[in-house]
Amino acid sequence: MSFPTTTPGPGRGPPPTIARAAAKVKGFTRRGDVIKCGVPMDLEILVENVLNAVTAGITIGCIYGLMCIGLGLIFGIMRIVNFAQGELLMLGMFASFYLVTGGKVLSFLGPYWGPFIGAICAAPLVFCGGALLHKFLISRVSGLRTAGSLDEGHFGQLIVTLGISLILQNGGQIVFGSTPVAVRTPLSAEAFLVGPVYGGATVFLNKAKLIAFFVAILVAIVLYLTLEYTRLGKALRAAADNPTAATYMGIEVDRAYRIAFGLGAGITAVAGGLMATYISFGPFVGFDYVIIMYSGVVLGGMGSILGAFWGGLTVGFVQQFSALILPPQLQNAAIFVVFLMIVLLRPQGLFGRSAERA
Amino acid sequence: MRYGTGSNLRRNLIALAVVSVAYLVLTIFVKNSYYQLILTLVPVWALFGVSWNILSGYGGQLSFGHASFFGIGAYTVTLAVVYWGLSPWLGIPLGMVLGGIAAVLIGTPTFRLRGHYFALSMLAYPLAILYVLQYLGFQEVSIPMHRDNPVAFMEFSEPRVYTLIAVCLLATGVVVSVIIENSRFGLALLAIRQNELAAEAAGINARQWKMRSLIVSGMMAAVAGGFYARVLLVVTPDSVFGMLVSAQAVVVTLFGGVASVWGPLIGAAILVPLAETLQAELGTYLPGIQGVVYGIAIIAIMLVSPDGLFWTIRDRWFRRRTTPPIPVVAVTAAPVRAAAMHTGAPLLQVEKLSRAFGGLKAVSEVSFSIAEGEILGIIGPNGAGKTTLFNVLNGVLPADEGSARLGGQPMLGRKTFEVCRMGVGRTFQVVRSFPRLPVLDNVIVGAYGAGLSDRDAIAAAVRALHQVGLQAQSGVDAGQLTNKQLRLMELARALAGGPRLLLLDETLAGLGREECDSVLTVLADLRRHGMTICIIEHTMHAMMRLADRFVVLDHGRVLASGLPRDVVEDTSVIEAYLGKKWLARQNA
């Protein structure tokens with residue numbers, strides 16, 4: 001597979017205009033005295049960068065939000081510590097990749113619609129994978145079996161999901177190879193230009209990210225309505241919240257758990273499929289996002305689906321803004337620092353109820 | 001050393017010597033340099049596992065970020081050679097010191113968290129360090145050779161010398177671990193793992209012990225990392241701070257046997273050669289096979305034998321020997337306090353104590369006092385704030401307002417273990433035991449909490465067991481006791497610290513009539529010896545016989561207080577709590 005020479009591959013750096021702006025910002029931050037001088041040209045670039053960080057923060061943040069909802073179901077509500085959530089994201093990316101670019105199952109949909117339909121189609125695949133994982137492995141260390149045990153089975157969950165994570169990462173390397181791939185769409189190299197808004201500042205809206213953003217919001221809303229208003233959703237929430245009580249109310253808890261876990265996996269997979277349209281990825285990609293997901297869920301407050309979404313959005317914002325001042329290698333470090341600050345300063349989350357009782 | 005651990009200690013040290021020598025003899029016969037390297041790496045990873053085991057195995061503080069310390073050791077040794085020309089002989093101790101400092105820096109904020117929050121936060125540290133090192137440009141640093149003076153720079157042409165050093169380091173680590181396991185340090189960690197609140201209420205400073213275990217653990221991990229860097233001669237952020245490194249410690253320990261000295265050794269001896277061989281044989285066709293094997297190994301071990309091979313083998317083939325006999329200690333009667341029955345100055349003076357949860361005033365302006373040698377019964381409907389009152393008094397919850405003094409000393413604002421050390425023993429509504437420890441150890445925790453020496457702690461524990469009549473069960477694991485025995489054991493644990501005041505929360509709950517009577521006899525006995533008791537209880541017939549005075553709580557407020565007979569005839573108490581039928585039955 002080779003890209004047409006005119007279209008830079010996804011994740012290969014911003015379009016030249018942004019690169020130019022970024023280069024100037026670098027000088028700007030290095031010199032540091034520009035603010036005092038008030039050079040209009042640099043101010044314009046600053047505004048442009050901030051505006052672009054805001055739009056990127058919103059679009060990427062909403063995709064992160066969707067990703068966090070998946071973990072929010074599993075960790076926030078079911079209280080299963082799932083280390084392998086990042087690998088479920090990775091599976092979503094590869095599912096989408098094989099449907100669209102690699103296996104060409106959906107290639108008849110064309111390069112514009114295909115990737116996004118592919119992302120949604122990743123959900124049922126990973127849903128089944130997640131449900132099977134739960135049935136054979138995770139159910140043995142969670143739910144009714146461990147309710148009321150010494151540490152509610154967290155020890156076992158951490159270990160088993162760590163094992164799953166290791167198998168999926170390294171097995172992924174065997175099956176998928178370690179060369180990074182991407183779901184090909186010309187949209188990832190195209191942008192809507194908005195502006196000039198403020199004295200010549202232009203906002204770039206990457207088309208792939210923008211469509212991914214709309215799909216993410218749509219999926220999040222559908223999931224929210226399902227969980228909130230349907231019988232299935234109520235049963236899932238009840239079973240996850242208090243398995244023992246749910247059993248007494250005639251809910252088939254094991255099945256509900258399986259579905260809830262599968263849903264959590266599937267939702268994260270959709271987010272993965274969407275991200276696959278604008279980044280390149282390999283089998284180890286999941287790890288970069290595990291901490292983002294946990295940050296989002298903890299930030300949003302455990303047990304709240306909407307909270308998880310807002311948490312993910314916030315993390316997306318932090319990441320995009322840190323890109324303004326930090327070198328690229330340190331952006332991930334920044335997220336870890338933010339995560340540590342969140343759990344240390346406010347473990348109950350910004351929007352949520354108390355996470356742990358004394 | 002704790003009681004009964006002398007023989008255990010000796011057995012472990014002999015086994016260690018035998019295993020070390022056998023291992024070194026084995027290395028003599030291995031000629032292939034790749035296998036020699038594996039033989040050197042097994043003790044290194046075992047040492048790393050031992051270090052993880054001290055924090056996460058004994059103490060139960062699950063850490064997924066032990067690579068922080070491993071990596072700090074590795075980078076310290078490497079950078080010290082590169083920039084200062086400092087020999088690894090000195091670099092490894094330096095890394096050890098830095099590992100200890102890192103443990104303090106990491107532990108201070110992170111021990112505020114518990115359970116999976118702690119585990120997740122620990123994960124973030126090595127990854128943050130990893131990215132910073134990449135940014136600083138230390139992607140790949142190699143240790144330069146010093147051909148002029150090789151031995152001074154830990155350079156040997158004979159690879160078996162490295163194995164020898166590794167075995168020595170591991171042996172030292174095992175000795176440290178054995179000593180911890182058999183001392184009050186280990187008992188405190190085991191108690192914290194099984195029930196942190198109970199350990200605190202028994203006077204154990206959980207945070208301090210956890211911090212100590214992290215420091216020891218961090219130093220040991222840094223040594224392992226430092227030597228690893230010396231053996232491999234090159235470090236990258238991923239190879240020493242990466243996820244797989246942290247996982248290695250978890251995997252070898254869990255596989256071999258968690259909270260056992262030998263677990264990490266067994267795990268490393270099986271898994272490291274297995275994974276390395278697979279990587280060497282199949283790595284070219286199946287990259288990452290090592291990770292897959294580790295993943296399968298830990299899932300399988302978690303499902304088949306969740307505590308690890310060591311425990312499964314021991315439980316199956318080496319039945320636990322008969323319970324050790326209770327130590328011969330002259331059982332003296334508890335010191336009889338000056339029986340200032342009902343007349344002396346109040347021992348506990350509570351004034352206008354309040355505690356709210358959001359809008360709910362759980363305890364509201366509660367005042368009462370307890371005289372020395374008195375039994376005060378606290379009664380009231382469910383949700384009246386009785387347990388919250390106890391939680392505030394012994395420092396589990398902070399008070400909003402008011403004061404409480406024990407013998408004139410302020411109690412509020414102190415931590416739970418500090419309140420315990422002031423002389424306040426506490427039992428819980430739902431028994432909080434250390435289920436996997438024998439009864440005697442459960443009770444000794446209380447004696448250690450009071451700061452007694454090993455000898456005195458055993459004496460105090462044995463005496464407390466005699467007081468409650470559990471001496472026959474001293475060797476049984478607490479998890480096998482009946483409800484009544486558990487209640488008595490909890491009482492004994494509180495007594496072992498030599499308290500001045502006992503706070504008993506529904507000690508009779510769930511007991512049958514006869515069991516109830518026998519516990520009452522124990523309590524009456526304690527009172528005869530001058531103990532002051534404050535008891536929450538719903539069993540009114542028992543309370544009428546036991547208590548000298550009642551305090552009735554309702555909706556967080558004191559509804560009535562006074563002599564039992566007066567209180568139960570108070571109409572407001574009958575309406576709020578007892579009900580008219582009760583009075584009718586009493587009068588009938």
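This briefing describes how chains A and B are put together in the structure above. The model is a predicted one, and every value below is computed from it. Chain B is assigned two domains, namely domain 1 (6-24 + 33-317) and domain 2 (346-587), and 37 residues of chain B are in contact with 40 residues of chain A.

**The contact between the chains**

- On the side of chain B that touches chain A, at least two residues are supplied by each of three helices, which are helix H5 (115-136), helix H11 (243-256) and helix H13 (289-304) of chain B.
- Of these elements, H5(B) provides the largest share of that side of chain B, with 13 residues.
- By residue class, the side of chain B that touches chain A divides into 27 nonpolar, 8 polar and 2 charged residues.

- Once its neighbours within four places in sequence are left aside, A:Ile63 is in contact with A:Ala212, A:Phe213, A:Ala216, A:Ala271, A:Leu274 and A:Met275.

**The two domains of chain B**

- The centres of domain 1 of chain B and domain 2 of chain B, taken over C-alpha atoms, are separated by 44 Å, and the contact between these domains takes 16 residues from domain 1 and 22 residues from domain 2.
- On the side of domain 1 of chain B that touches domain 2 of chain B, the elements that give two or more residues are helix H7 (184-194) and helix H8 (196-201) of chain B, and H7(B) gives the most, with 6 residues.
- That side of domain 1 of chain B is made up of 10 nonpolar, 4 polar and 2 charged residues.

**The sheet of 4 strands in chain B**

- An open sheet of chain B has its 4 strands in the order E4-E3-E6-E7, and their pairing is antiparallel.
- Strand E4 (360-371) and strand E7 (409-410) of chain B each have a single partner strand and stand at the edges, so one side of each is left without a neighbour in the sheet.
- Strand E6 (residues 401-406) of chain B pairs with E7(B) over 2 bridges in the antiparallel sense, and B:Arg405 stands opposite B:Pro410 in E7(B).
- Helix H15 (residues 386-393) of chain B packs on this sheet, where it touches strand E3 (346-357), E4 and E6 of chain B, and its direction makes about 70 degrees with that of E4(B).

**The sheet of 6 strands in chain B**

- Another open sheet of chain B is formed by 6 strands in the order E8-E9-E10-E5-E11-E12, with mixed pairing.
- Its edge strands are strand E8 (424-426) and strand E12 (557-562) of chain B, each of which pairs on one side only.
- Neighbouring strands of this sheet are, with direction ignored, turned by 20 degrees against each other on average.
- Strand E5 (residues 375-379) and strand E11 (residues 549-554) of chain B run parallel and are joined by 4 bridges, and B:Gly377 stands opposite B:Phe550 in E11(B).
- H15(B) packs on this sheet too, touching E5, E8, strand E9 (501-505), strand E10 (532-536) and E11 of chain B, and its direction makes about 145 degrees with that of E9(B).
- Helix H23 (residues 571-578) of chain B lies across E5, E11 and E12 of chain B and runs at about 125 degrees to E12(B).

Definitions and conventions:
Residues numbered from 1 in each chain as written. Chains lettered and ligands numbered in written order. Predicted model: local features only at pLDDT ≥ 70, side-chain atom pairs only at ≥ 80, totals over all residues. Contact = placed C-beta atoms within 7 Å. Pairing = 2+ DSSP bridges. Axes fitted to C-alpha atoms, helices over the stretch in contact; angles between N-to-C directions. Nonpolar A, V, L, I, M, F, W, Y, C, P; charged D, E, K, R; others polar. Domains from an automatic or database assignment.
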